[in-house]
Amino acid sequence: MKKLCILGATGSIGTQSLDVVSRQSDKFAVCGLTANSNINLLEQQIREFKPLKAAIADKALFKTLKNNVADCFTEILCGEDGVVEVASMNESDIVVSAIVGAAGLKPTLAAIEAKKDIALANKETMVTAGKLVCEKAKEKGIKILPVDSEHSAIFQCLMSGGKGENISRIILTCSGGPFFGKDRKFLEKVKPSDALKHPNWSMGQKITIDSATLMNKGLEFIEAKWLFDVPTDKIDILVHRQSVIHSMVEYTDGAVIAQLGEPDMRVPISVAINYPEREIIKEYKPFDFIKNSNLTFELPDEDTFKCLKLAKEAIAVGGTQPAYLNGANEMAVELFLKNKISFTDIGDIIEESIKKNIVIDDYNLEDVFNADKMARENVLSIYGGKL
Ligand code: NAD
Ligand code: MG
C-alpha cells in the first residue's frame, strides 16, 4: 500500500486525486487531507477515506469541523501549522500538492524536508521558489512528479527519448483559453463569468482565469524550466486548441515525441501517484483518432495576452522576480473575480507593479515571501481601492 497525503483535497485536483485513489483502493491508502474552508466536503472525505490526520487552514472553522467528525478517529488540526503538520506526517509516502497559489509553497517544502515524494500540481511552488525547491529535493533525494498535464506529458516523453544535450526543444502546448484570437477591445469588456468558461478543462477559479489571460502558460513556462532543468530558450509554446497533444519533446535527431489523449486530469494524477507503474482502468475507452483528426497549431499572441510575455521576462530577470510576478497576479486575479478591475487591467497592473520590485538574485525563502507580500501591496495601491 502506498500512503498518500492530499493537500487541497477539496479542490478540482484534490477531488480528482481522491477519485483516482478510490478506483485503486487495493493500492493506495489516504493518511492525510487538508482544505482551506470547505468543511462539508472535507467531512465527507474524512468519513470515506478515514485519514489519520486532517487540517482545515481557516482556524475559524476548526471547532465546527472537530465537532462534526467527533465520532471519527481522524485527528483534526488547523491553520497553516496544521496543514504543514499533515504535509510532513511520518506515515505518508507521497504528498499530492494541490493547494492553489503561493499558499502551497510552505507545506510543499515541509513535505520535501520530511523526505516525501511530491505529486506536484501547485505550479506556484516552482514559480515562486524553483531554485530552493529543486535544491531541497536534491538534498533530500526525493522525486518531484509533475501533475500539470503539460509537464506530465513532457515527463512521459522524456521517459522514452531520454534527457540531456540531445533535447533540441520542449514544446508546451496551450489551449489558448476562451478568448483566443480576440483583440484588446473585446478583452476590455470581458466579465468573470465569461473568463470562467474554459473550452476544454474544468478547473478551480484562479487557474481558469490564468488560462484566459495566458498567465497560466507563463507560469508553466517557468515551471518547466525548473522541473526539467532546461534553459528557457529551449522551451517553445504552441497554441493547440483541441488540448489533445498535452506537450512534446523534440530531439536533435529530428524525432518529436508527443503525449496525447482526451483532456482528463485523472491521467496525469494517476501517472504521478502510480509512478513508476501505470494504472489499469477497467472502464478505459480507446482514444478516438477519427473524432480527433483535426489537430491545429498556432503561435500565441503575446502582445494582446501580455501576461505570457511578463512571465517570460520575469524568469529571464530571475531571482525573486517570478515570486513577485506570481504574487501580483494572484492579487490582480482576485480583484478581477470580485469585479473590481477589468480583464485587461490584470496584465496592465502586473506590468506596472513589477517595475517597483527590487530583485534579490541569490534569494532565500524569506525573500520569496517578502516579494510576494510587496507585490500584493503594490497591486492594491495601484488599484487604489479596497479588496
Ligand atoms: P481549486 O481552487 O479547485 O482548489 C484549491 C484547493 O486548495 C482547495 O482544496 C482549497 O481548500 C485549498 N486552498 C486554497 N487556499 C488555501 C490556503 N490558503 N491554505 C490551504 N489550502 C488552501 O484549485 P485547483 O484547480 O484544484 O488547482 C490547484 C493547483 O493545481 C493550482 O496550483 C493549479 O494551478 C494546479 N493545476 C490545476 C489543474 C486543474 O485542472 N484544476 C491543472 C493543472 C494544474
Ligand atoms: Mg497545465
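Modeller: This is a predicted model. Strand β6 and strand β7 (residues 144-146) run parallel and are joined by three bridges. Within this pairing, I118 has I144 of β7 as its bridge partner. The two strands belong to a β-α-β unit made of β6, α6 and β7, and the unit is right-handed.

β6 also pairs with strand β5 (residues 94-97); these two run parallel and are joined by four bridges. Here D117 of β6 is the bridge partner of I94. Between β5 and β6 the chain passes through helix α5 (residues 105-113), in a β-α-β crossover that is right-handed.

The side chains of β6 (residues 117-120) point two ways: D117 and A119 to one side, I118 and L120 to the other. All four of these residues are buried.

Helix α6 covers residues 123-140, and K140 lies in it. The side chain of K140 makes a polar contact, at 3.2 Å, with the side chain of E113. Setting aside neighbours within four places in sequence, K140 is in contact with I112, E113 and K115.

The magnesium ion (ligand 2) has D148 (OD), E150 (OE) and E220 (OE) as its protein donors, at 2.1 to 2.2 Å. Their spacing in sequence is D-x1-E-x69-E. E150 is in helix α7 (residues 149-161) and E220 is in helix α11 (residues 215-228), so this pair ties together parts that lie 70 residues apart in sequence. Both E150 and E220 are buried.

Some backbone details elsewhere are worth a look. Most residues other than glycine have a negative phi, and most peptide bonds are trans. K50, which is not a glycine, has a positive phi of about 50 degrees. The place of K50 is the loop between α2 (39-49) and β3 (53-56). N339 also has a positive phi, near 60 degrees. N339 sits in the loop between α14 (321-337) and α15 (343-354), and N339 is exposed, with a relative accessible area of 57%. The peptide bond from Y275 to P276 is cis, its omega being near 10 degrees. P276 is found in the loop between α12 (266-274) and α13 (306-317).

Conventions: Residues are numbered from 1 along each chain as its sequence is written. Chains are lettered from A and ligands numbered from 1 in the order in which they are written. This is a predicted model: local features need pLDDT of at least 70, side-chain atom pairs count only at pLDDT 80 or more; totals for chains, interfaces and linings use all residues. Side-chain values use heavy atoms; hydrogens and water are left out. Donors are N, O and S atoms within 2.8 Å of the metal (3.2 Å for Na, K and Ca); water is not among the atoms, so sites may look incomplete. Buried means under 20% relative accessible area, exposed over 50%, partly exposed in between (1.4 Å probe, protein chains only). A polar contact is a pair of N or O atoms within 3.5 Å; within protein, one must be able to donate a hydrogen and the other to accept it, and residues adjacent in sequence count only if both atoms are side-chain atoms. Contact means heavy atoms within 4.5 Å. Two strands pair if DSSP finds at least two bridges between them. A crossover is right-handed if, with the strands pointing away from the viewer, the path from the first strand over the helix to the second runs clockwise.
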